[in-house]
Amino acid sequence: MLSLNSDIKYIKGVGEKRAGLFNKLGLYDLRQLLEFYPRRYDDRTLVKTVSQCENGETAVIRAMMMTPVKEHKVRKGMALYKCDFSDGETTIHITIFNNKYLAGALRQYEEYLLCGRVDKRLTSADMSSPEIEPAISGGGIRPVYRATGRLNSKAIGKIIKTALEALPPLEETLDTGFRLKYGLVSRDFAVRQIHFPKDGESLEKARYRLIFEELLALQLGLLKLKGNKKTQTDLRISRDYTDEFYTLLPFVPTNAQRRAVADCIRDMSSPYAMNRLIQGDVGSGKTAVAAAAIYSAVKNGFQCALMAPTEILAAQHYDTVSRLLAGTGIKTELLTGSTAAKEKQDIKKKLITGDADLVIGTHAIIQNDVEFHNLGLVITDEQHRFGVDQRANLAMKGTNPHTLVMSATPIPRTLALMIYGDLDISVLDELPAGRRKIRTDVVDSSYHARIYEFVKKAVARGEQAYIVCPLVEEGENDLLPATQYAEKLSQTAFRGFNLGLLHGRMKAKEKDRVMSAFANGDVKILISTTVIEVGVDVPNATIMIIENAERFGLSQLHQLRGRVGRGSAQSYCVLVSDSKGETAQNRLAIMKKYSDGFKIADEDLRQRGPGDFFGNRQHGLPDLKIADMLGDTETLTVCRKAAEEILAEDFNLDLPKNAALAEEISDMFRNSVSN
């Protein structure tokens, strides 16, 4: 007898050879086969007449065969078969290509369902190679599966049908009371109907049950991760110094910043170590939130460490935080790979003795010989740029310190709950008052001369500009790479100007040297690849030109645009593209329309899908087989609450009614990368 763990080759009709084709689709056992859900459905219950169809529409027509089949030899091994059908109003001329079996099976004066493209004429219609089946079969809703090579959708459906017929009723994975509470059909009904629905209502009920269960398992897994990360700590702050910190600021914090700071203080006052993400758009003020948390932590007697991915970003944080904390008596040190040997030794000594309150640096601060007197708070900026081990090593410098991670990469709000379900999240969704909107324009390459003149005038006013290219070296296409482009511009449009070149193939020290020269104003125009996407503030830079802008994702374009607009002068972003493609034009129009990074991220996810959006599964989110990250938001919210209720009663899922769910969660998270 078949079981869910049965090897796929033992299903009737598969065998050793065909099993290899299923393996190419990642299907090795019966469970995986049943979770290989249809990618869409052909609904053949919606029957029309020709007169009800639009010209060129793909439709299902119920019609009677009126003439016998006539064979027409085209060449050796190729034949056409022609016959006429009628839907009671219109004659339909049918052409069947090289399918002698189908042509021979048709019977005059019997009714059939014709499924295919309808090309209307004045008094008749044509259908070429439609799918034809006896009307008595009723059409139904047909599953369409992702196919591979010699294994087509129809063959996959036939094997799944055979397997389901051989299986006893599937065991239930959700408690009966729970199913009744949330209006869920049985698992057996859901699995059978998702593949072969008897009608639209049954399909919807099956989909909802399977989507609900998948999102429930995901949320349970993430909430358990969060619960497991709740570690008791002795590093509790006893007094909140937030109001005192706000008096140091040269600006009024936004409500979003105030909420995020309050979240941090509440976490650090609890018996458990903080594990929080501050997620904010470019320029939303994450550093000020981090500085507020640092201020209260230090005033309560704890040391703090802030780790950035690059030396220049670490130096920028050092300058910003030092200015904010000036005159407070908080002793701050900068520790990077470039720090002189003697100075490094002095800083390490201060950290051990407690003479340094805060260290800001790169991965240099997680070296084995860096020790702390009383580390209470660790902060990582652009957390996705660090490996899991690097972040863990920083946290291990203390005894269960509070952890704060910051990210300027907007994640769609609908997705944050999924991806960061094991972290507490504070979202900075307001920009500080007084920030001027960056004017964004979309032009083609015929505007280059005018763009260059615009840049020259800005440089003459004492401003600076970025020019971003998508490639470093010449590839298969005609895009001009950054190295060649810089050379060309230095000899033509910007002859005599101090140009800088920055790309990913350069060594870290060389990158820092060029970026520092741009930051201090020695370089006026920086030609770069996307390595400037995250990080450094250059308030004097007012123009961002992005060549071949259609080559970038929306979120990436938004990150690049965020490199300007940091000062008081009006800033501009010019997207240069010669692409006439509808998708590219829509993407660039979105950039012109929106300045909110979260709205742009929503559109980016909608257009590119989660795989491309995140790239290389860097967030470790388990694969979802049926749920949709954007379309099932309401269900996700319901599942989140349901998961919280289940864990409140049975956190370890030890109760018999939760045993199947526990196994499902284990399977889901087994192969996903840890955050």
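User: Is cysteine 83 buried or exposed in this structure?

Analyst: The model is a predicted one, and the value is computed from its atoms. Cysteine 83 has 3% relative accessibility, so it counts as buried, the cut-off being under 20%.

User: How far is the sulfur of cysteine 83 from the closest cysteine sulfur?

Analyst: A disulfide needs two cysteine sulfur atoms within 2.5 Å. The closest sulfur to that of cysteine 83 belongs to cysteine 115 and lies 16 Å away, which is too far for a bond. Cysteine 304 is not in a disulfide either, as the nearest cysteine sulfur, in cysteine 264, is 11 Å away. Cysteine 304 is also buried, at 0% relative accessibility.

User: How many disulfides does a search of the whole structure find?

Analyst: The search of the whole structure gives zero disulfides.

User: What can be said about confidence, in terms of pLDDT?

Analyst: The mean pLDDT is 87, and 90% of the residues reach 70 or more. One stretch to read with care is residues 611–619, where the pLDDT is below 50. That stretch still has 24 contacts in the model beyond near neighbours in sequence.

User: How many helices and strands does the protein have?

Analyst: There are 22 helices and 24 strands. The C-alpha atoms fill a box of roughly 95 × 70 × 45 Å along the principal axes. The protein has 675 residues, and 51% of them count as buried. Among contacts with a separation of 6 or more, 73% join residues 24 or more positions apart.

User: Which residues is leucine 33 in contact with, leaving aside its neighbours within four places in sequence?

Analyst: The contacts of leucine 33 are Ile8, Ile11, Phe22, Leu27, Ile159, Ile160, Ala163 and His195. Two of those names, Phe22 and Ile159, come up again for valine 14, which also touches Ile8, Lys9 and Ala19 when residues up to four places away are not counted.

User: Where is valine 14 found?

Analyst: Valine 14 sits in the segment before helix 1. Its relative accessible area is 10%, so valine 14 is buried. Sequence distance and spatial distance should be read separately. Valine 14 and isoleucine 159 are 145 residues apart along the chain, while their C-alpha atoms are separated by 7.4 Å.

User: Why is helix 6 described as largely enclosed by the rest of the structure?

Analyst: The reading comes from burial along the helix. Seven of the nine residues of helix 6 are buried, so the helix is largely enclosed. The buried residues are Arg187, Asp188, Ala190, Val191, Gln193, Ile194 and His195. His195 is also one of the contacts of leucine 33.

User: What is the order of strands in the open sheet of seven strands?

Analyst: The order is 14-15-13-16-17-12-18, and the pairing is parallel. Strand 14 (332–335) and strand 18 (424–428) are the edge strands, each pairing on one side only. On average, neighbouring strands in this sheet are turned by 15 degrees against each other, direction ignored.

User: How many bridges join strand 16 and strand 17?

Analyst: Strand 16 (residues 375–381) and strand 17 (residues 402–407) pair over five bridges in the parallel sense.

How values were computed: Residues numbered from 1 in each chain as written. Predicted model: local features only at pLDDT ≥ 70, side-chain atom pairs only at ≥ 80, totals over all residues. Heavy atoms only, no water. Contact = heavy atoms within 4.5 Å. Pairing = 2+ DSSP bridges. Helix = DSSP H or I, 4+ residues; strand = E, 2+ residues; numbered from the N terminus. Axes fitted to C-alpha atoms, helices over the stretch in contact; angles between N-to-C directions. pLDDT = per-residue confidence, 0-100. Buried < 20%, exposed > 50% of the residue type's maximum accessible area, 1.4 Å probe, protein only.
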